[in-house]
Amino acid sequence: MELRSVGELMDLLHACRGVRDTPELTRSRIRPIGGTPAGGPVDLHDHALQTAALLRRGHPSDKELQVAGLVHDLGHLLRPGDDAGHAGHAADAVRPLLGERVSGLVQLHVTAERYLAATSPGHGPSPLDPSAAGGPMTPHEAAAFENDPLAEDAVILRQADDAGRVPGLYAGDMEDWRTLLELVARRSARLGASD
């Protein structure tokens with residue numbers, strides 16, 4: 001599926017309400033300070049809003065990063081049960097509408113988890129998380145990842161992804177993001193037209 005309009009994307013984001021990635025994964029991924037898993041399942045809708053809000057707060061001028069946070073887990077909705085491929089499915093879906101940078105960040109958010117597992121003590125991919133297959137990166141893989149121009153921002157997205165799973169936390173309304181999605185889509189269309 002390729003998204004061609006902000007309206008289609010908004011419909012998909014609204015459809016995330018009540019949809020969860022694997023509940024066991026959700027519980028195991030929440031790592032409060034100290035590394036002890038906590039919390040309960042957060043649906044994809046609230047997770048998207050929390051992740052994007054964290055990115056907006058920490059990186060207010062990087063609109064594409066914020067949008068990547070909003071859409072990074074859409075693959076769970078597009079292909080239920082394909083946890084290992086969810087990043088690729090989401091990246092492919094948003095690329096025509098939101099552009100290469102947003103798509104690239106979405107694609108790399110799982111890879112960034114493996115990078116963090118290799119380079120940050122106490123941060124490891126959940127053993128239940130099939131999307132982080134392969135475990136922590138080898139030193140060679142980590143060096144190659146660091147050379148990717150999107151690597152630093154993908155790590156920032158991953159950290160917001162990990163933090164954006166707080167049950168019951170209100171992070172705004174999905175409709176509040178429509179204007180920013182339209183802005184990023186227009187910018188992407190202009191860039192695509194000039195290629």
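Student: What should I know about the source?

Tutor: This is a predicted model: local features need pLDDT of at least 70, side-chain atom pairs count only at pLDDT 80 or more, and totals for chains, interfaces and linings use all residues. Residues are numbered from 1 along each chain as its sequence is written, and side-chain values use heavy atoms, with hydrogens and water left out.

Student: Back to H4 and H6, which residues meet?

Tutor: From H4, Glu64, Leu65, Val67, Ala68 and Val71 meet residues of H6 including Ala90, Val94, Leu98 and Arg101, where contact means heavy atoms within 4.5 Å. That contact has 10 nonpolar, no polar and two charged residues. Nonpolar is Ala, Val, Leu, Ile, Met, Phe, Trp, Tyr, Cys and Pro, charged is Asp, Glu, Lys and Arg, and the others, Gly among them, are polar.

Student: And how do H6 and H8 sit?

Tutor: They're roughly perpendicular to each other. The axes of H6 and helix H8 (residues 151-163) come within 7 Å and cross at roughly 70 degrees. Among the residues in contact are Arg101, Leu105 and His109 of H6 and Asp153, Leu157 and Arg158 of H8. By class, the H6 contact with H8 has 10 nonpolar, two polar and five charged residues.

Student: At what angle do H6 and H7 cross?

Tutor: Roughly 135 degrees, with the axes of H6 (residues 86-119) and H7 (residues 139-146) coming within 10 Å. H6 and H7 are therefore oblique. Leu108, Thr111, Ala112, Arg114 and Tyr115 of H6 meet Glu141, Ala142, Phe145 and Glu146 of H7.

Student: New topic: how many cavities of 30 Å³ or more turn up?

Tutor: One, in a search of the whole structure. A cavity is a set of points on a 1 Å grid over the protein atoms alone where a 1.4 Å probe fits but cannot get out.

Student: Which residues line the largest cavity?

Tutor: Leu13, Cys16, Leu44, Ala48, Leu70, His72, Asp73 and Leu74, lining residues being those with an atom within 4 Å of a point. Six of the lining residues are nonpolar, one is polar and one charged.

Definitions and conventions:
Axes are lines fitted to C-alpha atoms, for helices over the stretch in contact, and angles run from 0 to 180 degrees between N-to-C directions. Helices (H or I, at least four residues) and strands (E, at least two) are DSSP runs, numbered from the N terminus. Angles under 35 degrees count as roughly parallel, over 145 as roughly antiparallel, 65 to 115 as roughly perpendicular and the rest as oblique. On a 1 Å grid over the protein atoms alone, a cavity is a set of points where a 1.4 Å probe fits but cannot get out, and a pocket is an open set with protein on both sides within 12 Å along at least five of seven lines; lining residues have an atom within 4 Å of a point. Grid points are joined across faces, edges and corners, and a volume is the space filled by probe spheres set on the points.
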